Each structure stands twice: as C-alpha cells, then as structure tokens.
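User: I would like to go through the terms used for this structure and see what each of them rests on. Please start with a definition and then apply it.

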Amino acid sequence: MRAWELGDRRDGAITLRRVERADLKPGPGQVVMKVHATGLGARDVNIMKTPWTGDKLKPWQNPPPPDRIPLQDSAGEVLALGEGVTGVALGERVIATHYPKFIDGAWDFETMALDDFGDCFDGFLADQALVPAGALVRIPDYLSWEQASTLQSSGLTPWRGLVDEARTRAGETVLCLGTGNVSVFGVQIARMLGAKVIVTSSDDGKLARLMAMGAHAGINYVTHPDWHQEVMALTAGRGADVILNTIGLAELERCLLACASNARVLYVGARPVAGATAGAINLAQLPNLVARCVSIKGYTVGSLRMFEDFLRACDTHRLQPCIDRVFGFDDVLEAVKYYQTGAKLGKVVIRVSASG
Ligand SMILES: NC(=O)c1ccc[n+]([C@@H]2O[C@H](COP(=O)([O-])OP(=O)(O)OC[C@H]3O[C@@H](n4cnc5c(N)ncnc54)[C@H](OP(=O)(O)O)[C@@H]3O)[C@@H](O)[C@H]2O)c1
C-alpha cells in the first residue's frame, strides 16, 4: 500500500515522506478500509509541525513517532473483514469515528483519549487503514467520497456542540468565530436548526460567501477588533445565545461580552489556530458570567451515536459540505502548504484512490 508518514520533525518543519508498506491484514474485530478520501484540519497540521522528541506517547500531548501515518478524516469502503466481525459488509461505504471507544454516553478521557487516529494510531493518509469494526458509520448515498471525508471532525464537532451540548433552539442567535473548518459547518448546522447566524472573519470576501451560504450577518474582526459590540448591535443589545469559539483563549473574553442571558459558549479550540494569539482571560469579565448565567462548555469531538444522528440530519437536509480544494495523493505537500496560507474557505481534501 502507499502511505505518507510524519517523518522526523524538527523545528516546526513539515517532513512528511512517501512510503510503500505491505498490504494490511485485519485482526479479530477489525476491518481494513480502502481509503478513498481524507482531509486536513488544524489539529493535523499542528501534529505535522510538532517536533518528535522520542517521549512516550500521551493523549493530546503528541508528538507521535516519525513512522505514524497522519490524518483523522476518512471516507472509504470495507476491503477485508477480520475474525468475528458482524454488522458490516465488504464494499460498504464507511467513515471511521475519531475515538473508537467513544460509542455513546459520557466521554472518559482516561479510557478513550489514547485511541485516536492519526495521532496514537495510524490515520488515513494511505490507501488502506485498520479500523475496529465497531467504529464505523455508513456514508449517506448522496455524498461523494470527498464530501463524506469532511464530516468526521469538522462537522461532528459543531454538531455535538450545537445539538447535544447547547441544545440550540430555533430562533436563537448562534455566533461562529472565524471561517475555519469547524465554523463553516457550524454556520450550516445552525441554519439547519433554525437559528439566526452571525459569523466573524478577517476577510470580507469570506463573509460574503458565508452569507450566501445562509449566515444572516458577518463581522470583520480585523476592522472591528471589539466585535462583541457589533454582535450587541445586531441583536438589539441582547447578545448571542450560543457561541462556537473555535479560536480558544484569545477570544474568550470578547465571547463573554457578546453573551445573551443564559448563553452557552462552546469551547473547542484547545490549541490556538494559526493567526490567533494565545491570550489570558480578564477576570474582570467573570461577573458577567454569573450575572448572565452563562455556561462555558469545553468538549471534544462527538461519539459514534452523535455521528449517526449527524449523518441522518445531513441526509434529510442534503447538507452540502463546503470543499475549498481537492488535491491528489502525490500532492499532499502542496495541500499542506496551501492550507497554511489561510486562504481556504472550506475543507482541503486529499483524494487517495485514483478513481476518487
Ligand atoms: N474539540 C474538538 O474536538 C475539535 C475538533 C476539531 C477542531 N478543533 C479545534 O478547533 C480549532 C479550529 O479548527 P479548524 O480545523 O476549524 O481550523 P482552521 O480551519 O484552520 O481555521 C482557521 C481559521 O481561524 C480563524 N481565526 C484565526 N484567528 C481568529 C480570531 N482571532 N478570531 C476569529 N477567527 C480567527 C481564521 O478565519 P478567517 O480566515 O475567516 O479570519 C482562520 O481561517 C482548532 O484549535 C482545532 O484544534 C477541536
């Protein structure tokens, strides 16, 4: 099989290398997935740049070793079944969930976090991947391989936040920060839920495109550094009910200033995204947190059950994932370079199989 490995990273350089490996054989309870498409996210590029130190691998404290195959997103078909596998058939179109042990119920960091693809396990930047059969969800028929490959992290993360955590109601105002992968899906899902949507960006062209996709209002956070005041103006002084903070601490303080009473702030940007400065929250804003009964919810990508719910909603609403560009398997280095320019709006996808 063909694959890319992380390589021996030093000094934040991208050192991906093309390799040939023996075809995979499934163990008990596993399947081999023939990967058709995968894609890039902020986390993946972060992992690619993090120098390899030789330390023992710990969840969320990569770096993974040089021979790790990166990328967590996948769309592919079942190529081989291991002993004892039931409930999934050869040729089925599937996506693997990020945390194979997070099936339903409450998240448990100690037992679930060490199993993620593209970090602790080999990921999907390869022709083939080994996946526990219980970690697969079926792809709705209307989606191409490329579209399906965008959903697992960038789509499921805002779905969990807006649906399972914030319990967004029709008519509420949802604010999405920036136009990164998670935020763009956040806009689409919030519209699906009947919310009024405000989005921020450094780029007026991106704001115009998000408004064409259904956002009700856009705010340029560069020309309006105190963008929370614009949110207040757009909501007649009420504030946003749900805020999808994909940026992290750098924008948390302004999020608190943009909150309506009983607002829910969804906090998913564990590491600062490119372009955002690390920051500290001004504790003077905490009274606002209490007075307005605001909750801040940190969470990771959703469970398999949440993913199934999300895919059913995608199917019903024929949600069209926003893809910026599709690169070929040989053009991965170019794809990563393009991702890092920040020009994209939507997912940067890698077509793995020749037929796509
Ligand atoms: N918790 C989870 O399970 C989970 C899952 C997925 C991702 N994440 C995290 O979520 C974050 C976003 O991931 P992503 O893949 O969506 O990233 P991405 O596509 O690389 O997004 C980058 C975007 O962030 C925006 N940005 C940068 N600074 C900003 C600021 N000060 N205010 C508003 N927007 C700003 C920019 O938007 P403009 O170009 O419009 O200015 C930029 O395009 C990352 O930290 C990632 O690790 C967490």
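Analyst: Two strands count as paired if DSSP finds at least two bridges between them. Everything below refers to a predicted model.

User: What makes β9 and β10 a pair, and in which sense do they run?

Analyst: Strand β9 covers residues 196–201 and strand β10 covers residues 217–220. Four bridges join them in the parallel sense, and the cut-off is at least two, so they are called paired. At the level of residues, V199 has G218 in β10 as its bridge partner.

User: What lies between these strands, and which hand does the unit have?

Analyst: Helix α6 (residues 204–212) makes a β-α-β unit with β9 and β10, and the unit is right-handed. The term means that, with the strands pointing away from the viewer, the path from the first strand over the helix to the second runs clockwise.

User: Which residues does H216 touch, leaving aside its neighbours within four places in sequence?

Analyst: H216 sits in the loop between α6 and β10. Its contacts beyond those neighbours are R191, A195, K196, V197 and M211.

User: Why is H216 not simply called buried or exposed?

Analyst: Its relative accessible area is 41%. Buried means under 20% and exposed means over 50%; the value for H216 lies in between, so H216 is partly exposed.

User: Which way do the residues of β8 point?

Analyst: T173 and L175 point one way, whereas V174 and C176 point the other way. All of them are buried.

User: What makes β4 a partner of both β3 and β5?

Analyst: β4 (residues 75–81) has six bridges to β3 (residues 30–40), and these two run antiparallel. β4 has two bridges to β5 (residues 93–96), also antiparallel. Two is just enough under a cut-off of at least two, so β4 and β5 still count as a pair. E77 takes part in both pairings: E77 is the bridge partner of K34 and stands opposite R93 in β5.

User: Why is F310 called buried?

Analyst: The relative accessible area of F310 is 0%, and buried means under 20%, so the term applies. F310 belongs to helix α10 (residues 304–317). Not counting residues up to four places away in sequence, F310 touches L151, G155, L156, W159 and I189. L151 is 159 residues away in sequence, yet the C-alpha atoms of F310 and L151 are 9.0 Å apart.

User: Is D119 buried or exposed, and how do you know?

Analyst: D119 has a relative accessible area of 1%, which is under 20%, so D119 is buried. D119 lies in the loop between α2 (109–112) and β6. Its C-alpha atom is 7.6 Å from that of I47, 72 residues away along the chain.

User: What accessibility terms apply to A236 and N262?

Analyst: A236 has 76%, which is over 50%, so A236 is exposed.

User: What lines the second largest pocket?

Analyst: The lining consists of 14 residues, and L24, F121, D122, A129 and L130 lie nearest the centre. Strand β6 (residues 128–132) supplies the largest share, five residues. By class the lining has nine nonpolar, three polar and two charged residues. The pocket holds about 190 Å³ of space.

Methods: Residues are numbered from 1 along each chain as its sequence is written. This is a predicted model: local features need pLDDT of at least 70, side-chain atom pairs count only at pLDDT 80 or more; totals for chains, interfaces and linings use all residues. Side-chain values use heavy atoms; hydrogens and water are left out. On a 1 Å grid over the protein atoms alone, a cavity is a set of points where a 1.4 Å probe fits but cannot get out, and a pocket is an open set with protein on both sides within 12 Å along at least five of seven lines; lining residues have an atom within 4 Å of a point. Grid points are joined across faces, edges and corners, and a volume is the space filled by probe spheres set on the points. Ala, Val, Leu, Ile, Met, Phe, Trp, Tyr, Cys and Pro count as nonpolar, Asp, Glu, Lys and Arg as charged, and the others, Gly among them, as polar. Buried means under 20% relative accessible area, exposed over 50%, partly exposed in between (1.4 Å probe, protein chains only). Contact means heavy atoms within 4.5 Å.
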